[in-house]
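Let's walk through this model together, starting with its overall layout and then moving in to the side chains.

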Amino acid sequence: ESPPPGTFAPSHPHSRRPTMAKNILAAVVGYVAFFVAAFVLFLVAFMILGVNRLYQSGVYNVSMLWIVVILVLSFLAAVFGGYVCKMFAKNDMAVKILAGIALVLGLFLAISQMMAAPADVLRPADVPVMEAMFLSVQPVWVEFVVTLLHIAGVFVGASLKKVGGLT
């Protein structure tokens, strides 16, 4: 039995509207998938390419090769996160929430990077991978572009699920 005309009953047992809590949960699940995918992709790329090809000689400033890798892998991870989010929510509101999370976190990271003092640390030739990852210095513009790629990737991933491209 449906609710009387003119009334709104979001908790009605026959209502097919997804709740805001479900949308937020789907966005969080999508973000976790996005984060795990990014971590794994970057770690593998880092290990395949090696420290000396990812940085300029003797410093932690990233090379142009690594910037290209960052841009491509960031987009791919966001596509995966958007796909997972849409798979769990089956609606666009959760995807918009995930894109909003990507925007807010991306801007926070970009602004904090702008405010941070540049590190003048020399890089030894045999630095461990994890240490090098945390000491990386990249141009500030990269963080802004990555933020835009994250947002675009989330929507692309969600559209793949919507049209059945990867169902």
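## An all-helix model

The secondary structure of this protein comes to six helices and zero strands. Along the sequence, the pattern reads α-α-α-α-α-α. Please keep in mind that this is a predicted model. Of the 167 residues of the protein, 34% count as buried. Among contacts between residues at least 6 apart in sequence, 82% join residues at least 24 apart.

In soluble globular proteins, nonpolar side chains tend to be buried together. Here, the largest nonpolar core has 35 residues, and those with the most contacts inside it are Phe46, Tyr55, Trp66 and Ala132. At least two residues of this core come from each of H1, helix H2 (51-54), H3, H4 and helix H6 (140-162). Which helix gives the most to this core? That is H3, with 10 residues.

Leaving aside residues up to four places away in sequence, Tyr55 touches Phe46, Tyr60, Asn61, Val62, Ser63, Arg123, Ala132, Met133 and Ser136. Is Tyr55 buried or exposed? Its relative accessibility is 4%, so Tyr55 counts as buried. Phe46 also counts as buried, because its relative accessibility is 2%.

## Aromatic pairs

Counting rings whose centres lie within 6.5 Å, the model has five aromatic pairs. In the pair of Phe42 and Trp66, the ring centres are 5.8 Å apart and the planes stand at 70°, so the pair is edge-to-face. Phe42 lies in helix H1 (residues 20-49) and Trp66 in helix H3 (residues 64-89), so this pair ties together parts that are 24 residues apart in sequence. Both Phe42 and Trp66 are buried. The pair of Phe46 and Tyr55 is edge-to-face as well, because its planes are at 65°, with ring centres 6.2 Å apart. Ring pairs link Phe42, Phe46, Tyr55, Tyr60 and Trp66 into a cluster.

The two pairs described here are set out below.

| Ring pair | Centre distance | Plane angle | Arrangement |
|---|---|---|---|
| Phe42 and Trp66 | 5.8 Å | 70° | edge-to-face |
| Phe46 and Tyr55 | 6.2 Å | 65° | edge-to-face |

## Where H3 meets H4

Two packed helices are described by the angle between their axes and the distance between the axes. For H3 and helix H4 (residues 92-115), the axes come within 8 Å and cross at roughly 145°. The crossing in which H3 passes H4 is right-handed. On the H3 side, the contact is made by Gly81, Gly82, Cys85, Lys86 and Ala89, and on the H4 side by Asp92, Ala94, Val95 and Leu98. What kinds of residues make up this contact of H3 with H4? They divide into five nonpolar, two polar and two charged.

Pro124 is found in the loop between H4 and helix H5 (129-135). With a relative accessibility of 39%, Pro124 counts as partly exposed. Pro124 and Gly58 are 66 residues apart in sequence, and their C-alpha atoms are 6.5 Å apart in space.

Leu148 lies in helix H6. Leu148 is nonpolar by residue type, yet at 58% relative accessibility it counts as exposed. Along the chain, Leu148 and Gly106 are 42 residues apart, and their C-alpha atoms are separated by 8.4 Å.

Conventions. Residues are numbered from 1 along each chain as its sequence is written. This is a predicted model: local features need pLDDT of at least 70, side-chain atom pairs count only at pLDDT 80 or more; totals for chains, interfaces and linings use all residues. Side-chain values use heavy atoms; hydrogens and water are left out. Rings of Phe, Tyr and Trp (its six-membered ring) pair if their centres lie within 6.5 Å; planes under 30 degrees apart count as stacked, over 60 as edge-to-face and the rest as tilted. Helices (H or I, at least four residues) and strands (E, at least two) are DSSP runs, numbered from the N terminus. Buried means under 20% relative accessible area, exposed over 50%, partly exposed in between (1.4 Å probe, protein chains only). Axes are lines fitted to C-alpha atoms, for helices over the stretch in contact, and angles run from 0 to 180 degrees between N-to-C directions. A crossing is left-handed if the near helix is turned anticlockwise from the far one by less than a right angle, and right-handed if clockwise. Contact means heavy atoms within 4.5 Å. A nonpolar core is a set of buried Ala, Val, Leu, Ile, Met, Phe, Trp, Tyr and Cys residues joined through side-chain atoms within 4.5 Å.
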